[in-house]
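Here is a short note to read beside the model. Please look at the sequence and structure first, then take the points in order.

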Amino acid sequence: MEINEHIRSLMENPEKEFEFLQETNLPGAKNELVRIRYVPQGDNGFFQATFFDDEREIVGSRVFDEVEDVIVFIEKNKI
């Protein structure tokens with residue numbers, strides 16, 4: 001399944017997540033696990049990306065309002 005299809009399927013089933021590894025350029029840091037989920041909110045919603053370190057601790061998050069924005073983010077960062 002293509003990234004576009006995966007992300008659009010999250011909108012139909014918000015309980016699911018899409019995850020991938022993101023390369024980090026920091027010295028001594030390992031690649032981060034990123035999980036993306038859709039959060040419905042009224043007629044619209046948003047995508048939340050949560051970043052985890054190698055011990056599965058949350059190290060950050062980011063919000064995307066548009067489907068296209070989250071797809072571009074994944075395409076640029078997915079290993």
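1. Proline 40 is partly exposed, at a relative accessible area of 49%; the term covers values between buried (under 20%) and exposed (over 50%), using a 1.4 Å probe and protein chains only. This is a predicted model, where local features need pLDDT of at least 70, side-chain atom pairs count only at pLDDT 80 or more, and totals for chains, interfaces and linings use all residues. Residues are numbered from 1 along each chain as its sequence is written, and side-chain values use heavy atoms, with hydrogens and water left out.

2. Proline 40 sits in strand β2 (residues 32–41). Helices (H or I, at least four residues) and strands (E, at least two) are DSSP runs, numbered from the N terminus. Not counting residues up to four places away in sequence, proline 40 touches Pro14 and Gly45; contact means heavy atoms within 4.5 Å. Its C-alpha atom is 7.6 Å from that of methionine 11, 29 residues apart along the chain.

3. The open sheet has 4 strands, in the order β1-β2-β3-β4, with antiparallel pairing. Pairing requires at least two DSSP bridges between two strands. β1 (18–22) and β4 (58–64) are the edges; each has a single partner strand, so one side of each lacks a neighbour in the sheet.

4. β2 and β3 (residues 44–52) pair over 9 bridges, in the antiparallel sense. Isoleucine 36 stands opposite alanine 49 in β3.

5. Which residues of α1 meet α2? They are Ile3, Asn4, Ile7, Arg8 and Met11. On the α2 side are Val67, Glu68, Val70, Ile71, Ile74 and Glu75.
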